[in-house]
Amino acid sequence: MAEAAPAQQPDGAPVAEGGLSELEAAVLDFERRWYTYGGPKDHAIRERFDMTAAGYFQVLNSLLDSAAAYQRDPILIKRLRRIRDSRQRGRAQSRIAR
């Protein structure tokens with residue numbers, strides 16, 4: 001009997017449990033406990049994912065609007081959304097104050 005091929009997203013990325021790609025699931029796991037890596041976050045990102053911090057944060061930001069990511073870890077997603085929204089408000093306030 002032939003073994004079923006692993007599920008893939010339209011872009012060819014393997015799908016992890018819950019409809020997220022393996023990279024997306026790993027980003028959520030990393031974000032949940034990155035402080036345990038010690039040192040600057042961008043260095044830990046480079047070591048763990050072999051990608052730039054900008055690329056990592058693009059993936060993370062897209063996850064904040066993902067229903068699958070929210071379903072996997074609602075507490076983390078809510079916390080990160082609050083942080084993102086707070087920073088956006090702060091940038092908007094600084095532009096208004098000029």
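Phe 30, Phe 49, Tyr 56 and Phe 57 form one aromatic cluster. Rings of Phe, Tyr and Trp (its six-membered ring) count as a pair here if their centres lie within 6.5 Å; planes under 30 degrees apart are called stacked, over 60 edge-to-face, and the rest tilted.

Before the details, a word on the source. This is a predicted model, in which local features need pLDDT of at least 70 and side-chain atom pairs count only at pLDDT 80 or more, while totals for chains, interfaces and linings use all residues. Residues are numbered from 1 along each chain as its sequence is written, and side-chain values use heavy atoms, with hydrogens and water left out.

The chain has 5 helices and 0 strands, and its elements run α-α-α-α-α from the N terminus on. Helices (H or I, at least four residues) and strands (E, at least two) are DSSP runs, numbered from the N terminus. Buried residues make up 30% of the 98 residues in the chain. Buried means under 20% relative accessible area, exposed over 50%, and partly exposed in between, with a 1.4 Å probe and protein chains only.

Back to the rings. The ring rule gives 4 aromatic pairs. One of them is Phe 30 with Phe 49, edge-to-face, at 5.4 Å centre to centre and 80 degrees between the planes. Phe 30 sits in helix α1 and Phe 49 in helix α2, 19 residues apart, and the pair links these distant parts of the chain. Both Phe 30 and Phe 49 are buried. Next, Phe 30 and Tyr 56 have ring centres 5.6 Å apart and planes at 80 degrees, so this pair is edge-to-face. Tyr 56 lies in helix α3 and Phe 30 in helix α1, so the pair ties together parts 26 residues apart in sequence. Tyr 56 is buried, as is Phe 30.

That brings us to α3. Helix α3 covers residues 53-64, which is 12 residues, and reaches 16 Å from its first C-alpha to its last, close to the 16 Å expected at 1.5 Å a residue. The expected span is 1.5 Å times one less than the number of residues. In α3, the buried residues are Gly 55, Tyr 56, Val 59, Leu 60, Leu 63 and Leu 64. Why that spacing? An α-helix has 3.6 residues a turn, so residues three or four places apart point the same way. The buried residues of α3 pack against α1 (22-33), α2 (41-49), α4 (67-72) and α5 (74-97). Contact means heavy atoms within 4.5 Å.

Now the crossing of α1 and α3. Their axes come within 10 Å and cross at roughly 95 degrees. Axes are lines fitted to C-alpha atoms, for helices over the stretch in contact, and angles run from 0 to 180 degrees between N-to-C directions. The two helices are therefore roughly perpendicular. The contact is made by Leu 23, Glu 24, Val 27, Leu 28, Phe 30 and Glu 31 of α1 and by Tyr 56, Val 59, Leu 60 and Leu 63 of α3.

Last, is Glu 31 buried or exposed? Glu 31, in helix α1, is buried, with a relative accessible area of 6%. Leaving out residues up to four places away in sequence, Glu 31 touches Lys 41, Tyr 56, Leu 60, Leu 76, Arg 79 and Leu 80.

Technical notes
Angles under 35 degrees count as roughly parallel, over 145 as roughly antiparallel, 65 to 115 as roughly perpendicular and the rest as oblique.
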